[in-house]
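Subject: Structure handover and notes

Dear colleague,

I am passing on the structure below, together with notes on what was found in it. Please keep it open beside this message while you read.

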Amino acid sequence: MPETKTLPETLDAVIVGAGFGGMYMLHRLRGLGLTARILEQADGVGGTWYWNRYPGARCDVESMQYSFSFDEGLQQEWQWSERFAAQPELLRYANHLADRYDLRRDIHFETRVASARFDEATERWTVATDKGEVVSARHCVMATGCLSAARLPDIKGIGDFRGETYHTGYWPHEKVDFTGKRVAVIGTGSSAIQAIPVIAAEAAQVTVFQRTPNFSIPSRNAPMDEAYERSWKSDYAARRQQARMMRTGILYAINPASALEVDAATRTAEYERRWANGGTAFMGAFSDLILNKASNDTAAEFVRDKIRGIVKDPVTAEALAPKDHPIGTKRICVDTNYYETYNRPNVALVNLRETPIETITAGGIRTSAREFDFDVIVFATGFDAMTGALLKIDFEGRGGRRLSAEWEHGPRSQLGLMVAGFPNLFMITGPGSPSVLSNMIVSIEQHVDWIAGLLGHLQARGLTCVEATEEAQAEWVRHGMEVAQKTLYPSAASWYMGANIPGKPRVFMPYIGGVGVYRETCDAVAAKGYEGFRLAGPRVRAAAE
């Protein structure tokens with residue numbers, strides 16, 4: 001168990017969350033000579049990769065790119081074992097970071113932040129934990145992650161089941177043994193698509209309950225190729241820089257052509273090549289797949305045809321082929337033998353569009369068509385994405401403003417970094433930034449570096465307070481909505497839009513303009529003395545008086 005520590009009464013900064021964002025933020029704040037602590041509700045580091053231990057959990061960004069670039073020694077010395085790293089290896093990487101930079105001494109584990117209140121007189125945040133501890137901090141940095149507030153579906157009888165239940169986002173640390181068991185999996189999003197093939201190889205029977213099918217591309221995962229690893233490590237600086245300017249923060253070739261300006265044979269050949277290579281780079285087959293519905297239709301139909309060719313039962317294949325959203329407008333998944341798994345005799349699909357779940361019973365699940373008996377139910381039902389973890393905390397800003405009220409109609413922020421009315425409160429990969437549409441580590445590094453740059457700017461000038469202006473925030477929100485409407489993304493009822501949470505406002509939450517454009521925007525804001533932010537402190541106030 002982690003060592004019990006007493007939280008200091010005053011700090012320069014409190015960081016909430018000990019995932020990759022929180023740990024890197026702590027490292028940078030130490031470099032500025034600031035006192036900082038991380039408050040983490042888990043008993044270990046890793047964030048996403050601490051909690052998501054479900055069978056088959058794996059990153060959908062290549063290992064050579066899903067890694068930090070700030071330390072040349074780190075990126076040269078660390079060796080990944082696979083093209084796409086699995087959860088255990090990613091958690092080892094997180095623990096290596098904590099050890100390499102001696103971070104644990106400033107992390108308070110098993111500590112959940114309950115509330116944070118801004119004191120206008122002192123320009124400090126009073127942060128209260130679930131243990132009753134209170135700390136005063138000049139700055140508060142939220143590194144709570146975009147996909148960390150797991151949700152259970154609102155299904156009648158959910159508490160009545162007498163068998164084992166698991167949620168993919170809160171998986172046990174010990175191995176779950178499915179041998180000989182009848183398993184229900186509710187949901188077919190990314191975690192289910194990764195978990196189902198692994199569970200099916202062990203369980204006696206797996207029944208998948210699907211409401212909405214998702215597009216998935218084979219990962220073609222394999223042990224790390226030594227030559228491929230050397231090619232990256234010999235050219236890391238240039239490749240990292242290129243990746244930072246890509247729309248997704250992931251370096252892969254994007255075909256500049258439209259899907260409609262080539263003939264059918266050429267188009268199909270490009271899709272076949274991308275399918276064979278595997279991974280989300282499939283969406284780079286043509287430049288207009290997220291902009292033009294007719295172009296997108298060609299890619300979507302190609303994948304649907306692949307599903308029909310893989311899944312032997314035509315009824316099951318058709319149920320697995322998405323038809324209600326353009327490909328890529330919901331999180332495109334990456335899998336290992338997902339569609340092939342439905343050819344196993346011990347795997348069945350229940351289409352909830354045709355026979356919805358009526359109730360969970362003591363012994364299993366009853367749909368409108370029949371009753372099923374199960375030993376285990378796995379809820380792969382996703383997260384209250386992007387805002388869920390933030391709104392679990394009672395934030396009170398300037399003039400008693402509450403974040404929950406400010407975001408009642410959807411999240412509003414300046415650059416996804418700060419919220420007007422909440423001085424000295426920062427978000428890492430918050431709503432209004434590329435975040436979940438990007439390589440998260442690239443976005444984390446950019447956000448942490450930008451925040452550290454701003455705090456260094458305040459230090460050098462004897463300033464104590466920074467706040468987003470209402471005008472800049474309103475303009476950024478307007479711009480974000482305008483850019484999103486130029487794409488196909490808002491046409492899908494996705495968790496990007498909050499559509500998976502009943503009653504949540506339907507607002508496209510991430511910034512779709514691209515990682516490179518966003519970085520340039522943030523750099524320009526900093527170069528103009530942090531335009532769009534109000535900087536204050538004793539010297540500024542004295543001059544004003």
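To begin with the cysteines, the sulfur of cysteine 140 lies 13 Å from the closest cysteine sulfur, that of cysteine 465, which is too far for a bond. A disulfide is counted here when two cysteine sulfur atoms are within 2.5 Å, and a search of the whole structure finds zero of them. Cysteine 140 counts as buried because its relative accessibility is 2%, and cysteine 465 counts as buried at 3%. For these labels, buried means under 20% relative accessible area, exposed means over 50%, and partly exposed is in between, with a 1.4 Å probe and protein chains only.

Before going further, please note that this is a predicted model, in which local features need pLDDT of at least 70 and side-chain atom pairs count only at pLDDT 80 or more, while totals for chains, interfaces and linings use all residues. Residues are numbered from 1 along each chain as its sequence is written, and side-chain values use heavy atoms, with hydrogens and water left out.

Next come the strands and sheets. Helices (H or I, at least four residues) and strands (E, at least two) are DSSP runs numbered from the N terminus, and two strands are said to pair if DSSP finds at least two bridges between them. Strand S4, residues 113–119, pairs with strand S5, residues 124–129, in the antiparallel sense over six bridges, and within this pairing the bridge partner of valine 113 is threonine 129 in S5. The hairpin formed by S4 and S5 has four residues between the strands, and in it glutamate 123 takes a positive phi near 55 degrees. S4 is also joined by three bridges to strand S17, residues 394–396, and these two run parallel; here arginine 117 stands opposite glutamate 396 in S17.

Strand S9, residues 205–210, is joined to S12 by five bridges and runs parallel to it, with valine 208 standing opposite leucine 349 in S12.

An open sheet of three strands has the order S13-S14-S15 and antiparallel pairing. Its edge strands are S13 (357–360) and S15 (371–373), each of which pairs on one side only. Strand S14, residues 364–367, pairs with S15 over three bridges, and arginine 366 stands opposite glutamate 371 in S15.

Among the helices, H6 (residues 226–233) has Glu229, Trp232 and Lys233 as its buried residues. These cover an arc of only 95 degrees around the axis, which puts them on the same side of H6, the arc being that of the directions from the helix axis to the C-beta atoms. In general, an α-helix has 3.6 residues a turn, so residues three or four places apart point the same way. What covers the buried residues of H6 includes helix H3 (72–77) and helix H7 (236–244). At the start of H6, a side-chain oxygen of aspartate 225 reaches to within 3.2 Å of the backbone nitrogen of alanine 227.

Serine 295 has its place in helix H9, residues 293–310, and is buried, with a relative accessible area of 0%. Leaving aside neighbours within four places in sequence, serine 295 is in contact (heavy atoms within 4.5 Å) with residues including Ser258, Tyr271 and Asp288. Serine 443 is found in helix H14, residues 440–460, and counts as buried at 6% relative accessibility. Arginine 506 is in the loop between helix H15 (470–485) and helix H16 (515–527), and at 47% relative accessibility counts as partly exposed. The C-alpha atoms of arginine 506 and proline 490, which are 16 residues apart along the chain, are separated by 9.2 Å.

Terms used
A polar contact is a pair of N or O atoms within 3.5 Å; within protein, one must be able to donate a hydrogen and the other to accept it, and residues adjacent in sequence count only if both atoms are side-chain atoms.
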